[in-house]
Amino acid sequence: MNQLIRLLIIALAFVSCQKKSSKSDYIEQRVEEILSKMSLQEKVGQTSLRGTSSRVKGDLSEDLKNAVRNGEIGVFLNVMNPKYVDELQRIAIEESPNGIPLIFARDIIHGYKTIFPIPLGMAASWNAEVAETSARVSAIEAAESGIRWTFSPMLDIARDARWGRIAESPGEDPYLASVLATAFIKGYQGDSLNSENSMIACAKHFLAYGAAEGGRDYNTTIVNEELLRNVYLPPFKAAFDAGAQTVMSSFNDINGVPASGNKFILKKILRDEYNFDGFVVSDWNSVTEMIPHGYAKDDKHAAERAITAGLDMEMTSTSYEDYLLALMDEGKVTEEQLNDFVRNILRVKLRMGLFENPYREKVDASKWYAQSHLEAAKEAAIKSTVLLKNNKTLPLNKNQRIALIGPLADAPVDQLGTWTFDGDGNYSLTPKQAFAENKSKFVFAEGLKYSRDKSSAGFKKAIAAAEKSDVIVFIGGEEAILSGEAHSRADISLPGAQEQLIDALHKTGKPLVLVIMAGRPIALGNIMDKVDAIVMAWHPGTMAGPALYDILNGKAQPEGRLPVTWPKQGAQCPIYYNHPNTGRPASADSFVGINDIPVGAWQSSLGNNSHYLDLGFEPHFPFGYGLNYGEIEYEKTIVSSNKLRRNETIQVSCTLHNKGNYPITETVQLYIQDVVGDIVRPVKELKGFKKIRIAKGESVSAEFTISTKDLEYVDSSMNYVVEDGDFNVWIAPNSADGIKASFELIE
Ligand code: BGC
């Protein structure tokens, strides 16, 4: 090779390497370059997200095409025809003033075509790998339709089972939610943001949306700053650390200020403290909803509030589009504020590689419902299933004749759960289908047509089926529509006549297995004693049938653990394990029930503590709870030292014995309590967990390392502190069990 060519190759390699290593500088330069050429109109256009509710229905209208041509739109939501995706993109690239590509977004919440368990179910897997895979599969399938931005994961801590959106949440615990947040972001965004099957993620809803008063959706939240920082923020922080590119401001007001106009969360926390450099999108119309909130007098004022708070992009309402320039003329907002929004948006578009690779071009539909995706969905459904009760009824044995009953035993659409616009029920495998495919000896009688069905017309057939069988499997719960956005319930028991049917089935004297498919914990008080086993399947998705078949027949072990406390009734909510103690903590020793109070008793508070006279204080099942087939015994918690010095660590361990007949994957949980704090501290906090495989008859030691970082929290001065003093620690199968050990943190 001639010397000159060789030198040229080396020089080119050097330049390309430089380019790679200074990628972010390169992106920043491009951002500034593009920004400098943009008109004000075009800048405003980048902040606008159009939804189907505005102009993308039916064929593409000339108006819409012209809006793209003029650079008036930055992002589309819900354009579901890949042909339109490319056509709109082509207009943006070739005909708009600066050729800035569009992003196409959609709510891909727990799967695109192949549907995974609802997010609360995924949380019940306590399994980052399963969560990451579900998000990866979602991205691969959705990107095929040109969708490169999903409004997921939802990271709202949820402590109230009445709230419909608990179904979409990662549960009640900030540690578990943070682990899942990281996994979801990695899965959606993949190894590289500019890969054509990467979807940028959106951490939502910022902030404290799950603290809605009374579990009523969209409601006011009153959350002090310590609680915001100790409980509601950690999953978001984890998402940003994992590289989440966008965040959605929530519908609710937080301590009186709606999230979309909330400078404290959008500026101070997000930008100043977390150095977030992606962009913030409002929730659907949440900018102009600041008017009914009573925080803005009209659209223009709402735009001013949101701009001042630092909200980059407005979803569906058009107050930026309509008033931003006027506000600038009036000196109420500045061009530099608008420039910052555009910078944040362009930066993400550049990172996504949209300028180089904007089109979908060819849709490979074979990726949808691919065999490997269906297998991953089945695996996730198995791992999410929680066994709540088992009087030696499960697993079923092969020779048993089964009566398969219930409104959700063959409900291909409802088993998919909330937020599944693209999942097709025709691809679902229901439990009934799975029992048939596996040639189980079973008779099917639905008993009730749907979960809210109040008619007893089908009872007779169901009872007759039960009488002819050895065991009854009743699959009921809630239709998909009973949870999710705006679908809160005050009474969270089984709807319709399901309890009556269960009662009638119980009277046949046959062993009765209750399988629940639902978007939330269900109040079981009226039926708990009438069933022999309870399996919580959440809404398990496309592969509900095969997953449940394997679990019920012992081909797979139930590994799921509750990601939320399971209340006895809606009236007990909010209820969560990591609550502070009161001065009069509830306890079994002091509990006085309503029927224990003598008639004419002298009025006194003595003897009573923080509980309900008629409902007690304990939930049905604690956070972290779940049974195995078989039995695991935990010995006491052992600490390697009862003194922990700062910058040192101690080991905490516990020996576990598998006393049953099956190999078990146990979810071993580590809880810590800071006994005395600058502010009152929770009675327990999850600080770690591990999945440990224990063979039949085997004993293993589970070990965790504790460092001072695990003891950190935000105190009353909003500082992250670790305070000297006493700590309790448990290695436990759930948040209510385990044998306590203690140590002291010293200088
Ligand atoms: C929901 C969001 C969702 C958005 C777009 C809103 O109603 O609160 O979670 O991403 O709609 O569909």
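Residues are numbered from 1 along each chain as its sequence is written, and side-chain values use heavy atoms, with hydrogens and water left out. Because the model is predicted, local features need pLDDT of at least 70 and side-chain atom pairs count only at pLDDT 80 or more, while totals for chains, interfaces and linings use all residues.

Helices (H or I, at least four residues) and strands (E, at least two) are DSSP runs, numbered from the N terminus. Strands of a sheet pair through backbone hydrogen bonds, either parallel or antiparallel; here two strands count as paired if DSSP finds at least two bridges between them. An open sheet of six strands has the order S11-S16-S15-S14-S12-S13, with mixed pairing. Strand S11 (386–390) and strand S13 (442–445) are at the edges with a single partner strand each, so one side of each has no neighbour in the sheet. On average, neighbouring strands of this sheet are turned by 15° against each other, direction ignored. Within the sheet, strand S15 (residues 512–517) pairs with strand S16 (residues 533–536) in the parallel sense over four bridges, and Val-513 stands opposite Ala-533 in S16. Helix H20 (residues 544–552) packs on the sheet and touches strand S14 (471–477), S15 and S16; contact means heavy atoms within 4.5 Å. The direction of H20 makes about 145° with that of S15. Axes are lines fitted to C-alpha atoms, for helices over the stretch in contact, and angles run from 0 to 180 degrees between N-to-C directions.

A second open sheet contains five strands in the order S19-S27-S26-S21-S22, again with mixed pairing. Its edge strands, S19 (643–645) and S22 (685–694), each pair on one side only. The twist from one strand to the next averages 25°. S19 and strand S27 (residues 741–746) run parallel and are joined by three bridges, with Lys-643 opposite Glu-744 in S27.

The axes of helix H13 (residues 299–309) and helix H14 (residues 319–329) come within 9 Å and cross at roughly 80°. H13 and H14 are therefore roughly perpendicular, a term for angles of 65 to 115 degrees (under 35 is roughly parallel, over 145 roughly antiparallel and the rest oblique). Residues making the contact include Ala-303 and Ile-307 of H13 and Tyr-323 and Leu-327 of H14.

The residues surrounding the ligand include Asp-107, Arg-165, Lys-204, His-205, Trp-284 and Glu-485, where near means that a heavy atom of the residue lies within 4 Å. An oxygen atom of the ligand is 2.5 Å from a side-chain N or O atom of Asp-107. The corresponding distance is 2.7 Å for Arg-165 and 2.8 Å for Glu-485. His-205 lies in strand S5 (residues 202–206), and the peptide bond from Lys-204 to His-205 is cis, with omega near -5°.

Most residues other than glycine have a negative phi, and most peptide bonds are trans. The bond from Ser-152 to Pro-153 is cis, with omega near 10°; Pro-153 lies in the loop between strand S4 (149–150) and helix H8 (174–189). Asn-255, in the loop between strand S7 (253–254) and strand S8 (257–258), has a positive phi near 50°.

Methods. A polar contact is a pair of N or O atoms within 3.5 Å; within protein, one must be able to donate a hydrogen and the other to accept it, and residues adjacent in sequence count only if both atoms are side-chain atoms.
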